[in-house]
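Student: Could we go through this structure together? I would like to begin with the charged side chains and then turn to the fold.

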Amino acid sequence: MNADAGPDAYGVTLERGADGTYLAWVDDLPGCAVRAGSRDEVLSRLPAAISEFSAWAGRAAVTSPEI
């Protein structure tokens, strides 16, 4: 996580697969990942995935995570 970022900022690893799809996972939340057909789509799905993961893990709600 970036030292200058807020408490709801997450580092993300983005990878393009051989089939052309993109996979993004949140470095600080093991198991929190999204796959989509484009880079923009995968990045737009991440905030919801982070919120859902946080709720599942019993963490405080994350309303607008920074990526």
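Tutor: A definition is needed before the charged side chains: a salt bridge is a side-chain nitrogen of Lys or Arg within 4 Å of a carboxyl oxygen of Asp or Glu. Please also keep in mind that this is a predicted model.

Student: How many salt bridges does a search of the whole structure find?

Tutor: The search finds one salt bridge. Glu 41 forms a salt bridge with Arg 45, and their closest N and O atoms are 2.5 Å apart.

Student: Where do Glu 41 and Arg 45 lie?

Tutor: Both residues belong to helix H1. Glu 41 and Arg 45 are four residues apart, which is about one turn of the helix. In general, side chains of opposite charge can pair when their charged atoms come close.

Student: Why is Glu 41 counted as partly exposed?

Tutor: Glu 41 counts as partly exposed because its relative accessibility is 28%, and that class lies between the limits of 20% and 50%. Arg 45 is also partly exposed, since its relative accessible area is 40%.

Student: Let us turn to the fold. In what order do the elements of the chain run?

Tutor: From the N terminus on, the order is β-β-β-α. The secondary structure comes to one helix and three strands.

Student: What is the strand order in the sheet?

Tutor: The sheet is open, with three strands in the order E1-E2-E3 and antiparallel pairing. E1 and E3 are the edge strands, each pairing on one side only. From one strand to the next, the twist averages 15°. Helix H1, residues 39-56, packs on the sheet and touches E1, E2 and E3. The direction of H1 makes about 150° with that of E3.

Student: How many bridges join E1 to E2?

Tutor: Five bridges join strand E1, residues 12-16, to E2, and the two run antiparallel. Thr 13 has Trp 25 as its bridge partner in E2, while Leu 14 stands opposite Ala 24 in E2. The hairpin of E1 and E2 has five residues between the strands, and Gly 20 takes a positive phi near 90° there.

Student: And how many bridges are there between E2 and E3?

Tutor: Strand E2, residues 22-26, pairs with E3 in the antiparallel sense over four bridges. Tyr 22 stands opposite Ala 36 in E3. Six residues separate E2 and E3 in their hairpin, where Gly 31 in the turn has a positive phi of about 100°.

Student: Which residues of E3 are on its covered face?

Tutor: Val 34 and Ala 36 are on the covered face of E3, which spans residues 33-36. Ala 33 and Arg 35 form the uncovered face.

Student: Back to E1, where Glu 15 lies. Which residues is Glu 15 in contact with, leaving aside neighbours within four places in sequence?

Tutor: Glu 15 is in contact with Thr 21, Tyr 22, Leu 23 and Trp 25. It is partly exposed, with a relative accessible area of 44%.

Student: One last topic: what share of the chain do buried residues make up?

Tutor: Buried residues make up 27% of the 67 residues. The accessible surface of the chain comes to about 4300 Å², and 49% of that belongs to carbon and sulfur atoms. Among contacts between residues at least 6 apart in sequence, 23% join residues at least 24 apart.

Key: Residues are numbered from 1 along each chain as its sequence is written. This is a predicted model: local features need pLDDT of at least 70, side-chain atom pairs count only at pLDDT 80 or more; totals for chains, interfaces and linings use all residues. Side-chain values use heavy atoms; hydrogens and water are left out. Buried means under 20% relative accessible area, exposed over 50%, partly exposed in between (1.4 Å probe, protein chains only). Two strands pair if DSSP finds at least two bridges between them. Contact means heavy atoms within 4.5 Å. Accessible areas come from the Shrake-Rupley method with a 1.4 Å probe; for residues, only the protein chains shown count as cover. Axes are lines fitted to C-alpha atoms, for helices over the stretch in contact, and angles run from 0 to 180 degrees between N-to-C directions.
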